Amino acid sequence: MLPLLALVPLSLSEPLSRFGLDTVFNGRIANYLEVLQTYGPILVRSFGFAAIATALGLVLAYPLAFAIRFRGGRWQPLLIGLVVLPSLTSYLVRAIAWTSLLGDNGPVLALVEALGLTGVLDGLGVLRDGRLLNTAAAVILGLTNNLLPFLVLPLVVAMERIDPRLLEAANDLHAGPLRSFVQVVWPLSLPGLGAGILLSLIPAAGDVVNPLFLGGPNERMIANTIDNLLLVQLQAPRAAALTLVLMALITLAVLLQLRGRGIEELPLP
Amino acid sequence: MNRLGSLALGVWSALAYGLLYAPVVVTVLFSFNAPRGRFNLVWQGFTLENWRHPLRDAALTEAFFTSLGLAVAAALLAVLLGGLMALALGRARVRGSRSIELLLALPLTNPEIVLATALLNLFVGIDLPRGPLTLLLSHSLFCLSYAALILKARLAGFDPTLELAAQDLGAPPLAAFRRVTLPLLAPGILAATLLCFSLSFDDYVVSSFTAGEIVTLPLYLAGAFQREISPQIQVLSTLVLLVSAALLVLATPSRQSRS
């Protein structure tokens, strides 16, 4: 906690020289205006990529969580374990694998070509000049893969809290499967949905690896920018200001989600 | 739900597992590839050669064992400190413990880059040269929140009067702790240690800021994109995956008995 607080004075300082990380405090609020002006678009892009990846993930994760909870039966622990297992392979190794899959000689582009979709996907902006690496699509795909377990697990936990007797009651009252989903399962899964979105959106927005290795210079995200400011440009005060802006945005989102409840009340796995 | 619906749900779930496992399957597959050139990224042909020499890439092997040692040390340190914090928060009625809990959760809810920036700034500020010590400290620190929260949850799950009962039966406080509290905490300790180990073993962002000259496995892998992607990377990753899968299977029954 202390190191986080120490960022505040640093963000209001100025570098002493162009060759080191030493700084002098002079209450320079202009740092914040400058980083917001210069890096605002990258901030927007980061949350945009994260939002798209989370939305794509949800389209897959919600039905999967539903299937695990209500169709899994005695295989449920195994199915949950299979969701967790890929996360135990380093995300850098997974990025290397995506490089193979999405590369110019890789199977994904070959499939796209065989289906005759190259032109269409190029037009949609998914491909860039017939290539898939160094595009926004590649970054978002990598992010979606990384965040999927964080969406599925809270959803399964929330759905496990649904008393099966409620569904029997709905059935007894002649509610069809669609109606009992809309009126029973969906509202009771909302806490899991909220927790899952939070757990996915935040790491995705602050991700370093996917934009760095799967994206090109136009897909750099906010964490790459902080990294570059601090380690390459040696602009520690601006890096600190940008970090605090990111932290403030995220803490705001967390507090909105919690709304006065304790952290332990979220259906976290 | 009708049969068509069930079928659609099954197909869709398979698609989700497909997206999860695509990079994992590729990694396992490419551990059997005979690459041409320095980058094992394009399929050439099947070979067992890489598996016969899993440690051939000396720099990779060194980074692997560095990360292994670091992860063990960081996990033990974090679980020890986290356990003490959990005992303090759960047992003694510390005032403001709710705020401390929220502060504990803060590092969990922020991306790693926030902690990395803060730690680098701290180490520069107190003139601590970056190396093994800063690396161990920063890894223990980001594990600490997870360890403390897991152990606190475990501690909240059992009856505090058990300890009192042991003391009533004449056990000195330390013996009561060792014979009653510790065994009850054991599953939590195991879970926290495994989680901290895997968090530390996989960490790239914080390490890239605080490692100095030390090369951990993720730092090595990040460099490999420019230098050389040897098939031994995929071999070691497959081995790690197998060990993880075995641990996961061992952990699953306890999951069931809990619920």
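Predicted model: local features only at pLDDT ≥ 70, side-chain atom pairs only at ≥ 80, totals over all residues.
How many residues does the contact take from chain B and from chain A? The contact takes 57 residues from chain B and 60 residues from chain A, where two residues are in contact if their C-beta atoms, placed from the backbone, lie within 7 Å.

Residues are numbered from 1 along each chain as its sequence is written, while chains are lettered from A and ligands numbered from 1 in the order in which they are written.

**Where the chains meet**

On the side of chain B that touches chain A, at least two residues each come from α1 (3–30), α4 (97–109), α5 (112–125), α8 (173–202), α10 (217–224) and α11 (231–258) of chain B. Helices here are DSSP runs (H or I, at least four residues), numbered from the N terminus. The most comes from α1(B), with 16 residues. By class, this side of chain B has 40 nonpolar, 13 polar and 4 charged residues. Ala, Val, Leu, Ile, Met, Phe, Trp, Tyr, Cys and Pro count as nonpolar, Asp, Glu, Lys and Arg as charged, and the others, Gly among them, as polar.

**Two helix pairs**

Two packed helices are described by the angle between their axes and the distance between the axes. Axes are lines fitted to C-alpha atoms, for helices over the stretch in contact, with angles from 0 to 180 degrees between N-to-C directions.

| Helix pair | Angle | Axis distance |
|---|---|---|
| α11(A) (222–231) and α5(B) | about 15° | 10 Å |
| α2(A) (30–71) and α9(A) (177–205) | about 140° | 8 Å |

The angle makes α11(A) roughly parallel to α5(B), and α2(A) and α9(A) are therefore oblique to each other. Angles under 35 degrees count as roughly parallel, over 145 as roughly antiparallel, 65 to 115 as roughly perpendicular and the rest as oblique.

Within chain A, the contact of α2(A) with α9(A) has 8 nonpolar, 4 polar and no charged residues.

**How confident is the predictor?**

The mean pLDDT (the predictor's confidence in each residue, from 0 to 100) of chain B is 88, and 93% of its residues reach 70 or more. Confidence in chain B is lowest in α4(B), at a mean of 73, and highest in α10(B), at 95. The model scores ipTM 0.88 and pTM 0.88.
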